[in-house]
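Dear colleague,

I am passing on the structure below, together with notes on what turned up in it. Please read them alongside the model.

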Amino acid sequence: MPSDSTRLKLEGKTLELSNLDKVLYPEVAFTKQQVIEYYIRIAPVLLPHLKDRPLTLKRYPEGVEGPYFYEKNCPPHRPRWVKTAPIYSEHREGKIDFCLVDDLPTLVWLANLAALELHPSLSLWRNMDRPTAMAFDLDPGPPADVVDCCEVALHLREMLEGLGLSCFPKTSGGKGLQVYVPLNTPLTYEDTKTFSRAIAELLERRHPEKVVSNMAKSLRIGKVLVDWSQNDRHKTTVSVYSLRARERPTASTPLEWEEVMDALESGKARLLDFDAAAVLHRVEERGDLFAPVLELKQRLPAPYREARAPSR
């Protein structure tokens, strides 16, 4: 791809790309052109996880060390071929036209806007009240780190598997881990929020020295917050394979459970630190480890669909 600016034709659509030499990650001199190239190469595994989902953008027009902003309304200067999803917002008392990223040209157009981070809904846009997955965000409070998150993630996995539920880990691309439970069955956010909160609180009771389920920062020092509140119609979680606005272009990376165990046993947080190049290499070798999140059908155990918390 030529530097500075260029026209790029993708799937019959022409994109005007600009400022390709702009450095978006100054610490490693990673440019907008490299961001675009990453998203082009990762698109085959990323796009299925974005398709038909309202997308919140986190944009860094001056790079990761500059100001940023979240954008829910799809930019009005978008090309005519960019699809949008009109979603009513109670907070705004009106409609928000979210971007839908169903194809490569739209993904590249967003990368050209320095939308480094992509935060999709857990729902498909035509049925916003029905999540297709349940998410647990494991966020360490210093001095806890991602290794502590590994221990909590394994406790969480054991608990969920005891209830007949498979789950899949990924890095946040930052300092924590996220664990997704595929559903792809008729459930509501009331179901998933009630269940995930009960699980988080039970983990806290069983491992009070390690786990907290309350978001108060004063309670999180040296512990791992099991954030169940992401299971909400109005919230989003960073997409698998999305870049993050860190010092380096790290990405939210799907993991195998063996890797989580290895990081815990070794105590080496660096084992779970993947930049754009490493993620592309992993996909070449392993394919999409997160594909089951889109396909696997699971139902919550009946008592929890009725908002009953698990017992000790």
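Ring pairs join Y60, Y68 and Y70 into a cluster, where rings of Phe, Tyr and Trp (for Trp the six-membered ring) are taken to pair if their centres lie within 6.5 Å, with planes under 30 degrees apart called stacked, over 60 edge-to-face and the rest tilted. By this rule there are five aromatic pairs. The model is a predicted one, in which local features need pLDDT of at least 70 and side-chain atom pairs count only at pLDDT 80 or more, whereas totals for chains, interfaces and linings use all residues. Residues are numbered from 1 along each chain as its sequence is written, and side-chain values use heavy atoms, with hydrogens and water left out.

Y68 is partly exposed, at a relative accessible area of 45%, on a scale where buried means under 20%, exposed over 50% and partly exposed in between (1.4 Å probe, protein chains only). The charged end of K58 sits over the ring of Y68, 4.7 Å from its centre; this term requires NZ of Lys or CZ of Arg to be within 6 Å of the ring centre and within 35 degrees of the ring normal. R282 likewise has its charged end over a ring, that of F274, at 4.4 Å from the centre.

Another aromatic pair is made by Y180 and F290, whose ring centres are 5.3 Å apart and whose planes stand at 65 degrees, so the pair is edge-to-face. Because Y180 lies in strand 12 (residues 177–182) and F290 in the loop between helix 6 (276–286) and helix 7 (292–295), the pair ties together parts that are 110 residues apart in sequence. Helices (H or I, at least four residues) and strands (E, at least two) are DSSP runs, numbered from the N terminus. Both Y180 and F290 are buried.

Turning to the helices, what is the distance between the end C-alpha atoms of helix 1? Helix 1 (residues 32–50) has 19 residues, yet its ends are only 21 Å apart, short of the 27 Å that a straight helix would reach, the expected span being 1.5 Å times one less than the number of residues. A kink of about 75 degrees lies at A43, shortly before the proline P44, where the bend is the angle between axes fitted to the seven residues ending at a residue and the seven starting there. Just after helix 1, D52 has a positive phi of about 65 degrees.

For helix 3 (residues 146–162), the 17 residues should span 24 Å, and the end C-alpha atoms are 24 Å apart, which agrees. Its buried residues, among them V146, C150 and L154, pack against several elements, including strand 10 (133–140), strand 12 and helix 4 (189–206), with contact meaning heavy atoms within 4.5 Å.

Some backbone details in the loops may also be of interest. P142 and P143 are joined by a cis peptide bond with omega of about 10 degrees, and P143 is placed in the loop between strand 10 and helix 3. A114 has a positive phi near 60 degrees although it is not a glycine, and counts as buried at 3% relative accessibility.

For the chain as a whole, there are eight helices and 14 strands, and 55% of the 312 residues count as buried.
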